[in-house]
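Please look at the sequence and the structure below before reading on. The report then takes up the surroundings of the DNA and a part of the protein surface.

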Amino acid sequence: MVLSVCFISTRLGLSLLGWREKIELFILPQKTEENLLAQLDRWGVKKDSFQEALPPFPAIVETIQAYFEGMRVTLSYPLALERFPLFTRRTFDAVARIPYGTTLTYKDIAKKIALPHASRAVGRALGRNPLPLFIPCHRVVGKYNLGGFSGYGLRYKILLLSLELSGSCPHSHCSL
DNA sequence: TGTACGGCACCGT
DNA sequence: ACGGTGCCGTACA
């Protein structure tokens, strides 16, 4: 079964939602279609392995758009995470509970899943998160610094955090 | 005292 | 072996 996708135009650019039964992939907004395709490639999605379709849930597109307008929205939708190992799922689960506009450290997450010394493994797991926003890994920071966001670049993490904190994105025209 | 940096332990994939 | 880390010791000011 091919991946169904829909493109979503947001204030920060073009993003993409991918699903089969449940939501599998979300690409953060990109300024150009070319960049979006590059991100798709990063997740191993080839050109002919997806088909465009109508959004899988009512209002999901509007909710995502509202997020990038600075609205305090909640994204609770069924996510396809079965393919991940248990530790990774537990990590995702703990991260999904972090409220909008707040942050926890990698260590905090490790403690929450009862493996207080696994903070580094938490970071590694989050590096594989295919569902930013739905699993808000940008809300997980290092104890002494912001930590990483290698897939989209640290600037993007800063952008999302400032969007949630101030309700606006100060440098949205130049931050990506 | 404060802080900046290096080294190493930790832990799942 | 490799990280989106944390912590402690040491070296300066």
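This is a predicted model: local features need pLDDT of at least 70, side-chain atom pairs count only at pLDDT 80 or more; totals for chains, interfaces and linings use all residues.

Residues are numbered from 1 along each chain as its sequence is written, chains are lettered from A and ligands numbered from 1 in the order in which they are written, and side-chain values use heavy atoms, with hydrogens and water left out.

**DNA strand B**

The residues that surround DNA strand B are P85, F87, T88, L115, H117, A118, R120, A121, R124 and R128, where a residue is near a strand if one of its heavy atoms lies within 4 Å of it. Of the atoms of DNA strand B that come within 4 Å of the protein, 71% belong to sugar and phosphate.

**DNA strand C**

DNA strand C is surrounded by 19 residues, and the closest are K107, R120, L126, C137 and K143. Sugar or phosphate accounts for 39% of the atoms of DNA strand C within 4 Å of the protein, and the rest belong to bases. The largest share of the surface near DNA strand C, six residues, comes from α5, a helix being a DSSP run (H or I, at least four residues) numbered from the N terminus. The classes near DNA strand C are seven nonpolar, seven polar and five charged residues.

**Side-chain contacts with the DNA**

The table gives some polar contacts, each a pair of N or O atoms within 3.5 Å.

| Side chain | DNA atom | Distance |
|---|---|---|
| T88 | phosphate oxygen, DNA strand B | 3.1 Å |
| R120 | base nitrogen, DNA strand B | 3.1 Å |
| R124 | base nitrogen, DNA strand B | 2.7 Å |
| Y106 | base nitrogen, DNA strand C | 3.0 Å |
| K107 | phosphate oxygen, DNA strand C | 2.7 Å |
| R120 | base oxygen, DNA strand C | 2.4 Å |

L154 lies in helix α6, residues 154-166. L154 is partly exposed, with a relative accessible area of 37%, a term that covers values between buried (under 20%) and exposed (over 50%), found with a 1.4 Å probe and protein chains only.

Conventions:
A polar contact is a pair of N or O atoms within 3.5 Å; within protein, one must be able to donate a hydrogen and the other to accept it, and residues adjacent in sequence count only if both atoms are side-chain atoms. Helices (H or I, at least four residues) and strands (E, at least two) are DSSP runs, numbered from the N terminus. Ala, Val, Leu, Ile, Met, Phe, Trp, Tyr, Cys and Pro count as nonpolar, Asp, Glu, Lys and Arg as charged, and the others, Gly among them, as polar.
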